[in-house]
Amino acid sequence: MRHGRYLFTSESVSEGHPDKVADQISDAVVDLFLGKDPEARVACETMVTTNRIVLAGEVRSAEGKEPDRHEIEKVARAAVKRIGYEQRGFHWNYGTFENHLHAQSINIAQGVDSSGNKDEGAGDQGIMFGYACDETPALMPATLFYSHRLLEKLAHDRHARIVPFLEPDAKSQVTLDFENGVPLRATKLVISTQHKPGTNQDELRQYVKGVMAGVLPEGWMPGDEDIFVNPTGLFEIGGPDGDAGLTGRKIIVDTYGGASPHGGGAFSGKDPTKVDRSAAYACRYLAKNVVAAVLAKRCTIQISYAIGVAEPLSFYVNLHDTGQVDEARLEAVLPELMRLTPRGIRTHLGLNAPIYERTAAYGHFGREPDAEGGFTWEKTDLVDQLKRHFA
């Protein structure tokens with residue numbers, strides 16, 4: 001934790017941002033496959049541009065449980081419809097659709113699948129990080145937490161038709177003033193939001209300022225000169241018509257807003273045998289439980305894997321000089337509370353379920369676990385065990 005006074009900034013993008021459109025389509029495809037076969041293998045990449053959706057990647061399902069091409073197209077278009085794109089340049093119904101998904105490599109399959117005495121191996125090599133801090137009740141960095149909440153409010157008001165001028169594409173940026181790791185107030189706020197032609201910019205600005213005041217804690221609003229709403233002027237052309245979108249290009253928005261390291265792997269479009277996704281969820285789960293148990297104010301966890309190997313190669317805990325316990329002891333205890341093989345993670349967190357499209361906008365972390373099995377990695381059900389270990 002840095003001491004003294006400093007500024008820190010995070011950004012978010014809305015569900016209608018081109019890259020997030022791609023993420024949501026990719027995860028809708030993952031959910032389709034897992035809904036038919038919980039052991040399906042999916043690596044789905046999406047590209048969206050002016051009235052065009054293109055899928056590519058590798059898939060595998062048990063015989064007789066494979067979604068057909070019509071079903072895949074249907075869920076992709078449904079994701080775009082749910083977001084709200086019915087524009088001339090990008091429309092859920094009229095845009096062209098291409099599906100280039102093909103069978104998973106048998107070389108990858110033989111390394112990942114369990115057989116005989118061999119446990120299921122990691123789907124790829126890599127390093128994954130998890131992070132938690134006590135800056136917000138969600139145990140997330142405050143700059144990212146409020147960046148997400150601002151755009152969620154805009155999306156809510158657009159879907160509910162509370163205001164008539166909003167379109168799906170939007171970005172936010174929040175800069176906070178910190179003292180000894182504690183957020184005090186916002187110093188700069190930025191929102192750029194797509195809007196309908198002819199929108200009065202003064203009316204738009206007043207609406208956005210009201211959203212900011214409603215989302216931020218009382219007393220956090222900066223002066224008017226430090227609030228930037230559509231600073232380039234008009235934002236009528238947006239979404240995939242204004243800028244092509246690709247799966248996996250918003251990994252910092254998806255995780256911790258730059259407050260924590262990132263291993264480099266994206267989440268969306270990947271089934272839970274891919275440790276880029278599942279192990280990152282496991283690291284967040286463990287880090288959040290450490291902070292929720294008041295064993296530290298901040299916690300970073302890193303884990304690493306080799307392709308085809310079940311057990312992790314390394315496990316690292318950093319409490320950033322805020323810990324009440326020894327980090328080496330945590331490194332010994334946490335893997336006892338949760339088996340960190342790919343199968344162990346999937347089983348513990350219940351990841352072989354169609355729960356992923358909902359993660360693909362407004363962050364994979366800092367969300368509430370739901371009744372359908374989503375966001376299980378946000379549970380704090382290890383707190384009592386950790387407190388007993390370190391009593």
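Analyst: Buried means under 20% relative accessible area, exposed means over 50%, and partly exposed lies in between, with a 1.4 Å probe and protein chains only. This is a predicted model, in which local features need pLDDT of at least 70 and side-chain atom pairs count only at pLDDT 80 or more, while totals for chains, interfaces and linings use all residues. Residues are numbered from 1 along each chain as its sequence is written, and side-chain values use heavy atoms, with hydrogens and water left out.

User: Is Cys44 buried or exposed?

Analyst: Cys44 is buried, because its relative accessible area is 1%.

User: And how many disulfides are there?

Analyst: The count is 0 disulfides, where a disulfide is a pair of cysteine sulfur atoms within 2.5 Å. Cys133 is in no disulfide, and the nearest cysteine sulfur, that of Cys299, is 11 Å away. Cys133 is buried, with a relative accessible area of 0%.

User: What does Val29 touch?

Analyst: Contact means heavy atoms within 4.5 Å. Leaving aside neighbours within four places in sequence, Val29 is in contact with Val42, Cys44, Leu55, Ile72, Val75 and Leu101. Val29 sits in helix H1, residues 18-36; helices (H or I, at least four residues) and strands (E, at least two) are DSSP runs, numbered from the N terminus. Val29 counts as buried because its relative accessible area is 0%. The C-alpha atoms of Val29 and Ala79 are separated by 9.7 Å, and these residues are 50 apart along the chain.

User: In which sense do E3 and E4 pair?

Analyst: Strand E3 (residues 52-60) and strand E4 (residues 96-103) pair in the parallel sense over 8 bridges; two strands pair if DSSP finds at least two bridges between them. The chain crosses from E3 to E4 through helix H2 (residues 69-83), and this β-α-β crossover is right-handed. That term applies if, with the strands pointing away from the viewer, the path from the first strand over the helix to the second runs clockwise.

User: Which residue in E4 is the bridge partner of Ala56?

Analyst: The partner of Ala56 in E4 is His100.

User: Changing topic: how many aromatic pairs does the structure hold?

Analyst: It holds 12 aromatic pairs. Rings of Phe, Tyr and Trp (its six-membered ring) pair if their centres lie within 6.5 Å; planes under 30 degrees apart count as stacked, over 60 as edge-to-face and the rest as tilted. Among the pairs is that of Phe165 and Tyr207, which is edge-to-face, at 5.7 Å centre to centre with 75 degrees between the planes. Phe165 lies in the loop between H4 and strand E6 (166-179) and Tyr207 in helix H5 (residues 201-215), so the pair ties together parts 42 residues apart in sequence.

User: Which residues form the aromatic cluster?

Analyst: Tyr131, Tyr256, Phe267, Tyr281, Phe365, Phe375 and Trp377 form one aromatic cluster. Of these, Phe267 is buried at 4% relative accessibility, and Phe365 is buried with a relative accessible area of 2%.

User: Finally, where is Ser147, and what does it touch?

Analyst: Ser147 is found in helix H4 (residues 142-159) and counts as buried at 0% relative accessibility. Not counting residues up to four places away in sequence, Ser147 touches Ser10, Glu11, Ser12, Ser172, Gln173 and Val174.
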